[in-house]
Amino acid sequence: MKTMFTDCRIVSLHTDVTEQQGYQVQENMMIAVENGVISALGSSLPSDGFTHVSLENRLVTPGLIDCHTHLVFAGNRANEFEQRLNGVSYQDIAAQGGGILATVNATRKASLESLIELALPRAKALISDGVTTVEIKSGYGLTVNDELKMLRAAKMVGREANIHVTTTLLGAHALPPEFAGRGNDYIDLVCNEMIPAAAEENLADAVDVFCEGIGFSKIQMQRVFEAALSHGLKIKGHTEQLSNLGGSALAAQMGARSVDHIEYIDLSGVEALAANNTVATLLPGAFYFLRETQKPPIDLLRKNHVPMAIATDFNPGTSPFASLTLMMNMASTFFGLTPKETLYGVTKHAAQALGLNKGQLAIGFDADFAVWDLSEPAELSYQIGVTGLHARYLNGVKANDH
């Protein structure tokens, strides 16, 4: 397969976010794609033997990447949202069987087929935002069989929705009720049964841990990461969302691709990210929905040249938002990121957070790109609800989304 895309206005993002080249729109460009990979870019390219496709002077960016979601689950927690707004505390909701355990109970009861059916509209909402790759975590099953069921559903969503999916095992998301008071026993299950089973079936690309006072300790996280690495899986962490336990630094030192949330990360944590080339993934949807006030230390991350990714964190309890461009806007309005930083955050840096050869328009990278009826890239984080998406291309092939 050899395709030459002509009449392109390219935003390549092939340089560092601190450089202007790569973010500036390049007019009248051509993109050569061979076997799903970009083989050449330029204003004039030899094109014998190529199928020609004119993009009619539209804006072209790398396909957007949502690098942190919990897209597969059953149940609905809108009632809890309403209860909280009527003054019911989270503790009271949890005591009534609500909170994450409500989602766990519903997900355990759901069949594989129903989980796929429920997740597809969420994936399609992201697709309408120009997303070509999405990471989907487990974490609402909390048994070996139910976690594997979630991962299988995630892979099927990718095939049925025509979107690239990477999968992450988040067995260490919360302590299931049958292990109440026995956190270390549950971590034994995650390390000795859950991770080996996911690795054997090739169901997970990475393993994640929620390291927090209401989740798991730094020592428990280290045990899970050691088990993951021993089975050839990559690691990443939910860290420093509600407090500073030092999880980000440990994760980075152990080779984590990303640490996510990080509102409470300190200087030593940021320096550990910089030293280990670990991405800081910002999740402004959860910050907004929980009405938090502690912001991630953006200036500290910039000063230490830590790449910042942005993701939806789509989940039923704390970030029910299936719009990555909305997250770009929130990252600007709440955290002070520039439109340029937000675009890097959902392309090049998001790809780095997942270890993918995507996220920029450059030779040798996967030909995943989004075509927009927009004048300039800043519009992606400026206007919400009307994305201007014209088409998505996955490995150089147009996706039939409309």
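1. Arg77 counts as buried in this predicted model, because its relative accessibility of 10% falls under the 20% cut-off. Arg77 sits in the loop between strand 5 (64-66) and helix 1 (78-85). An unreviewed UniProt entry lists Arg77 under "binding site", together with Tyr140, His173, Gln241 and Thr318.

2. Gln241, from that UniProt annotation, is likewise buried, at 10% relative accessibility. Its place is the loop between strand 9 (234-239) and helix 8 (247-253). Setting aside neighbours within four places in sequence, Gln241 is in contact with Phe210, Glu212, His261, Ile262, Glu263, Tyr264, Ala286 and Leu290.

3. A further "binding site" feature in the unreviewed UniProt entry names Tyr140, Asn315 and Gly317. These positions span 178 residues in sequence, but no two of their C-alpha atoms are more than 11.5 Å apart, so they gather at one spot.

4. Asn315 belongs to the loop between strand 12 (308-310) and helix 12 (324-335). Asn315 is buried, with a relative accessible area of 4%. Beyond neighbours within four places in sequence, the contacts of Asn315 are His70, Phe73, Tyr140 and Pro320; Tyr140 is also named in the UniProt feature that holds Asn315. A polar side-chain atom of Asn315 lies 2.7 Å from the backbone oxygen of Asp313.

5. Gly317 is in the loop between strand 12 and helix 12 and is buried, with a relative accessible area of 9%. With neighbours within four places in sequence left out, Gly317 is in contact with Arg77, Arg84 and Phe289. Of these, Arg77 carries a UniProt "binding site" annotation from the unreviewed entry.

Notes:
Residues numbered from 1 in each chain as written. Predicted model: local features only at pLDDT ≥ 70, side-chain atom pairs only at ≥ 80, totals over all residues. Heavy atoms only, no water. UniProt positions renumbered as here; feature names shortened; annotations may be inferred. Helix = DSSP H or I, 4+ residues; strand = E, 2+ residues; numbered from the N terminus. Buried < 20%, exposed > 50% of the residue type's maximum accessible area, 1.4 Å probe, protein only. Contact = heavy atoms within 4.5 Å. Polar contact = N/O pair within 3.5 Å; in protein donor to acceptor, adjacent residues only side chain to side chain.
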